[in-house]
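The exercises below ask you to read single features from a protein model and to work through each one step by step. Please look at the sequence and the structure before you start.

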Amino acid sequence: MEYAVAVAKCQSFSKAALESNVTRSALSQQIRKLEQELGVSLFKRTTRTVYMTPAGKEFMRTVPRVMQELETLKMTMREYTRAERGDIKIGNFPSLGAYGIIPRIAAFQKAFPKVQIIFYESECENLLHMLEEGSIDAAFFTAVYLMQPKGIGLDAYPVTDSELVLEVNAQHRFASRKSVDWSELADEPLVAPPAFSGVRLDIEDAFRRAGITPNYLSYTGTSDTSSSFVAAGVGSTITSMHAHQKSPIQGTVCIPLIPKVSRIVYFVVPKNAKPSLLLDNFKFFSLQWGGAAILEPLIIRPADDQDKL
């Protein structure tokens with residue numbers, strides 16, 4: 001098409017070949033190939049000049065727009081190869097916003113405005129199942145070290161952390177304490193965090209290590225509901241410091257627990273996932289934007305490999 005436009009412009013095969021930086025025979029061959037594909041003659045040739053046929057004139061009215069659309073398409077395809085365009089599916093747990101990660105994601109979106117990020121919010125164990133099924137590309141979640149993936153390994157990169165705290169009613173006997181030992185919670189009525197959540201796994205692991213069985217008074221679906229029960233004087237709950245500070249409920253107090261239990265947020269990808277420059281860019285940006293170095297990931301082996309070990 002470019003050669004045909006050059007011939008129409010120059011009204012000469014020789015001049016068009018010179019302008020297109022090809023030999024006259026090569027240009028003529030390409031024009032003949034184009035005419036054969038179209039099934040019409042675009043040019044009428046004489047010994048001294050070249051004329052456009054009626055079909056050629058119609059072709060020239062349309063071809064500039066087609067060439068512009070093709071150039072736009074090529075530029076779009078180059079954006080895909082440079083990972084500047086596309087979509088990625090990211091899982092996140094409900095209280096992710098409390099950990100300062102959302103501004104990082106927003107900054108990535110501004111840097112790569114043509115990339116569509118599709119978020120799937122669920123509790124951490126559900127996100128693990130979605131990674132196993134391949135319905136998401138990666139996820140932010142916690143309690144990774146307690147997970148037992150089936151059939152896949154995981155690379156988990158630490159992003160940020162918080163600590164578990166005891167949240168009590170402002171009139172509770174612990175309310176004025178500077179800290180509470182896990183051993184003191186043996187008989188404490190607790191409002192349990194949501195099932196399948198990372199915080200629930202972290203809490204129960206901490207109780208196991210302390211040799212205590214948690215005394216769950218009730219079970220709730222969200223951390224806000226748990227805090228509301230605490231404010232109403234119905235038991236206490238254990239949450240992360242970040243979650244409490246992000247959405248404090250009036251009438252509640254949070255107290256550090258001893259020994260300290262860190263709650264780490266990881267960026268998790270399947271270990272043998274198909275290479276994706278787009279996902280690599282998102283990972284790099286998420287981990288580096290806040291000044292954190294990309295560390296070697298925590299490797300989580302599939303459950304069957306753990307059994308073998």
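**Exercise 1.** Is K89 buried, partly exposed or exposed?

Solution. Begin with the basis of the exercise: this is a predicted model, in which local features need pLDDT of at least 70 and side-chain atom pairs count only at pLDDT 80 or more, whereas totals for chains, interfaces and linings use all residues. Residues are numbered from 1 along each chain as its sequence is written, and side-chain values use heavy atoms, with hydrogens and water left out. Next, take the cut-offs: buried means under 20% relative accessible area, exposed means over 50%, and partly exposed lies in between (1.4 Å probe, protein chains only). K89 has a relative accessible area of 27%, so K89 is partly exposed. The side chain of K89 meets that of D87 in a salt bridge (3.6 Å, N to O), a term for a side-chain nitrogen of Lys or Arg within 4 Å of a carboxyl oxygen of Asp or Glu. D87, at 40%, is partly exposed as well.

**Exercise 2.** Find which parts the salt bridge between K9 and E19 ties together.

Solution. First, the side chains of K9 and E19 meet at 3.5 Å, N to O. K9 lies in helix α1 and E19 in helix α2 (residues 13–20), so the pair ties together parts that are 10 residues apart in sequence; helices here are DSSP runs of H or I with at least four residues, and strands are runs of E with at least two, numbered from the N terminus. Then compare with the accessibility classes: K9 is exposed, with a relative accessible area of 60%, while E19 is partly exposed at 45%.

**Exercise 3.** Describe the salt bridge between D205 and R209 and the residues joined with them.

Solution. The two side chains meet at 3.1 Å, N to O. D205 and R209 are 4 residues apart in helix α7, and are therefore separated by about one helical turn. D205 is buried, with a relative accessible area of 11%, whereas R209 is exposed, at 57%. Salt bridges that share partners join D205, R208 and R209 into one network.

**Exercise 4.** How many bridges join strand β8 to strand β9?

Solution. Strands β8 (residues 190–192) and β9 (residues 216–219) run parallel and are joined by 3 bridges, where a pair needs at least two bridges found by DSSP. Within this pairing, L190 stands opposite Y216 in β9.
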